[in-house]
Structure formats: structure tokens, C-alpha cells
Amino acid sequence: MLLASRAFWLMLAAVAAHFQDGLAFPTVLLAALIGWRGWRPWWIVPVFVAEAVYASDLFARAGGTGKLPGAMSNVFFQLFVFALLALIGLGLGWAFRRRSV
């Protein structure tokens, strides 16, 4: 339970870091567009996979203290982070669609 809690908080720290560097916005906006238009939900997979690969390559040479700089270069960790961002965007788009109809 402790390991899952630490991984969750590390993912939230990575989400915050991606909002600061601007990498989270394309994923959230494209996923929100998919949710708003009512397109197939699995269309978000190429969106967050491409962003995760790019982010892991971008942070491959990042240094610093703590666990976050080391985790940011891991492509599997980035896949989970961007999947979370895509689900947030999909949920926002779906909620906006349900509200406006």
C-alpha cells in the first residue's frame, strides 16, 4: 500500500511538472476534444504514447536530487503519467459534452 501511495504521489508530481513545462496541454486538449466530440475513446492512445516517448527522451539527460528526475526519463513511467493526463482530458470533454446537450 505504501509503494502504491508513493507511486501515485510521484505521478502527481510529474503531472505538475508537465503542466509547468507545457507538455501536458496538448494531451489534455486533444483528449478533451475526443471526449467532447464523442469519438472512440481508444483514439487517445496514440496521443499519449507519442507525448510519453517525447517526454522521456526530453528528460533522458535530466539530473537532480530525488526520485522525480530519474523517473522522468523512464518511458513506462511517462506512459502512466500521460495516460492519467489523457483520462483527465477525456473526462473533461465528456462532461462538457453531457452538459451542453
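Predicted model: local features only at pLDDT ≥ 70, side-chain atom pairs only at ≥ 80, totals over all residues.
**View 1. The surface and overall build of the chain.** Residues are numbered from 1 along each chain as its sequence is written, and side-chain values use heavy atoms, with hydrogens and water left out. The chain has five helices and zero strands, in the order α-α-α-α-α from the N terminus; helices (H or I, at least four residues) and strands (E, at least two) are DSSP runs, numbered from the N terminus. Along the principal axes, the C-alpha atoms fill a box of roughly 50 × 30 × 20 Å. Of the 101 residues, 33% are buried (under 20% relative accessible area, with exposed meaning over 50% and partly exposed in between; 1.4 Å probe, protein chains only). Take the contacts (heavy atoms within 4.5 Å) between residues at least 6 apart in sequence: 73% of them join residues at least 24 apart.

**View 2. Met11 and its surroundings.** Met11 sits in helix α1, residues 2–21. With a relative accessible area of 18%, Met11 counts as buried. Beyond its neighbours within four places in sequence, Met11 contacts Phe77, Phe80, Val81 and Leu84. Ala83 is 72 residues from Met11 in sequence, yet their C-alpha atoms are 11 Å apart in space.

**View 3. His18, also in α1****.** His18 is buried, at 0% relative accessibility. Setting aside residues up to four places away in sequence, His18 touches Leu23, Ala24, Ala55, Phe59, Met72, Gln78, Val81 and Phe82.

**View 4. Where α1 meets α5.** Packed helix pairs get described by the angle and the distance between their axes. Here the axes of α1 and α5 (residues 75–100) come within 10 Å and cross at roughly 70 degrees; axes are lines fitted to C-alpha atoms, for helices over the stretch in contact, and angles run from 0 to 180 degrees between N-to-C directions. So α1 and α5 are roughly perpendicular, the label for 65 to 115 degrees. From α1, the residues Leu10, Met11, Leu12, Ala14, Val15, His18 and Phe19 meet Phe77, Gln78, Phe80, Val81, Phe82, Leu84 and Leu85 of α5. By class, this contact has twelve nonpolar, two polar and no charged residues.

Methods. Parallel < 35°, antiparallel > 145°, perpendicular 65-115°, else oblique. Nonpolar A, V, L, I, M, F, W, Y, C, P; charged D, E, K, R; others polar.
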